[in-house]
Amino acid sequence: MILVSIMVVAVWLGRRATEKQREELELRQRARQMRQRLDEIDDIISALLKYDGDRALLESVAEFRIRQIEKRNTLMGAVDQEAQAELAAAQSFLKSLPDLLQNHKRALPEEEHDLNYMKKLIFKGIKLIKLMQTQGQVSDIEVRDHAQRLRERMVKAEVNAYIQHGRTLLKEEDRINAAAYFKHAKEILVATNIRFPERTAMIKRISKMIWGVYSTQEDEEELDRELGLTAEDHPDEGQTAEEMIEQESDLLRDDAGRTESS
């Protein structure tokens, strides 16, 4: 009986130790996942600051980050100085956000790798907003408005990147590839189902830029018919086609940097 009792206790202790190890492993895994989410939230906040600058959204995401840090600290039990500093920094960021945004200027990426970085983080931002919705931190209307604005920002940024690259090629006298980039930018605007006030003006500007590339090589009237332009859309008196392209691309950059909330 004693031997049986010893064996039973040994088995129980072994199972308990295994269970404890499993719980510790799950705890570390959850903490690791929360750390990864916090790192991702930090990247999303940086992208929103740089490319969007909407105060309401940034405040919501900053508050969500604070809650996530608090949850992780609670999960880990004893909180070290590093964890306390992280929470204090997140709270300080939220408090200083109005000052950060006071003179904020949204950026428009013009290099392909910057554009891809922006799109990647904005997509993650939209997913994060939807996660926040499931936790009751943002309303359905807020999710819709934020997602619409961020998708609009991505379309405008992509169009502007193609335009500016085409403009660089034109300066290098590579007219064929410059026109190809302008046409692709226009196709993006025509094809998108995202509607915004500047869209029609941007399409018109790009059409004028395409006209400017081909005007010295093709019949102007035929070009006007193809692009939906009139003589009034031609360069001003004393202005060359290249100067018109430069002017329109600058104005298009302004259009691309504008949002309804601006």
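Glu173 sits in the loop between α5 and α6 (175-191). The helices here are DSSP runs of H or I with at least four residues (a strand would be E, at least two), numbered from the N terminus. Just after α5, Glu173 takes a positive phi of about 65°, and Glu173 is not a glycine. Most residues other than glycine have a negative phi. Is Glu173 buried or exposed? Glu173 counts as exposed, because its relative accessibility is 69%. The cut-offs are under 20% relative accessible area for buried, over 50% for exposed, and partly exposed in between (1.4 Å probe, protein chains only). The areas themselves come from the Shrake-Rupley method with a 1.4 Å probe, and for residues only the protein chains shown count as cover.

A word on ground rules: this is a predicted model, so local features need pLDDT of at least 70 and side-chain atom pairs count only at pLDDT 80 or more, while totals for chains, interfaces and linings use all residues. Residues are numbered from 1 along each chain as its sequence is written, and side-chain values use heavy atoms, with hydrogens and water left out.

**The overall fold**

The chain has nine helices and zero strands, so in DSSP terms (as defined above) the pattern along the sequence reads α-α-α-α-α-α-α-α-α. Of the 262 residues in the chain, 40% are buried.

Helix α5 (residues 140-171) turns up again and again below. Helix α5 has 32 residues and reaches 47 Å from its first C-alpha to its last, close to the 46 Å expected at 1.5 Å a residue. That expected span is 1.5 Å times one less than the number of residues.

Arg151 is in helix α5 and counts as partly exposed at 32% relative accessibility. The C-alpha atoms of Arg151 and Ile126 are separated by 8.8 Å, with the two residues 25 apart along the chain. Lys183 is in helix α6, partly exposed with a relative accessible area of 34%. Lys183 and Tyr162 are 21 residues apart in sequence, and their C-alpha atoms are 9.1 Å apart.

**Salt bridges**

How many salt bridges does the whole structure hold? A search finds 20, each being a side-chain nitrogen of Lys or Arg within 4 Å of a carboxyl oxygen of Asp or Glu. Here are three of them.

| Pair | N to O distance |
|---|---|
| Arg35 and Asp39 | 3.3 Å |
| Arg149 and Asp52 | 2.8 Å |
| Arg167 and Asp250 | 2.7 Å |

Arg149 and Asp52 form a salt bridge with their closest N and O atoms 2.8 Å apart. Arg149 lies in helix α5 and Asp52 in the loop between α1 and α2 (55-76), so the pair ties together parts that are 97 residues apart in sequence. Both Arg149 and Asp52 are buried.

The side chains of Arg167 and Asp250 meet at 2.7 Å, N to O. This pair also links distant parts of the chain, with Arg167 in helix α5 and Asp250 in helix α9 (residues 241-256), 83 residues apart. Arg167 counts as buried at 11% relative accessibility, whereas Asp250 counts as partly exposed at 28%. The pair belongs to a salt-bridge network that links Glu110, Arg167, Glu246, Asp250 and Arg253.

Arg35 and Asp39 make a local pair: both lie in helix α1 (residues 2-51), four residues apart, about one turn of the helix. Arg35 is partly exposed, with a relative accessible area of 22%, and Asp39 is partly exposed too, at 37%.

**A negative patch**

Which residues gather in a patch of negative charge on the surface? They are Asp219, Glu220, Glu221, Glu222 and Glu226. Patches are made of residues with over 30% relative accessible area and no salt bridge, with like charges joined within 9 Å and nonpolar side chains (Val, Leu, Ile, Met, Phe, Trp, Tyr) within 5 Å. For the charges, Lys and Arg count as positive and Asp and Glu as negative, while His and the chain ends are not counted. The place of a charge is taken as NZ of Lys, CZ of Arg, CG of Asp or CD of Glu.

Asp219 is in the loop between α7 (199-214) and α8 (220-227). Asp219 is partly exposed, with a relative accessible area of 45%.
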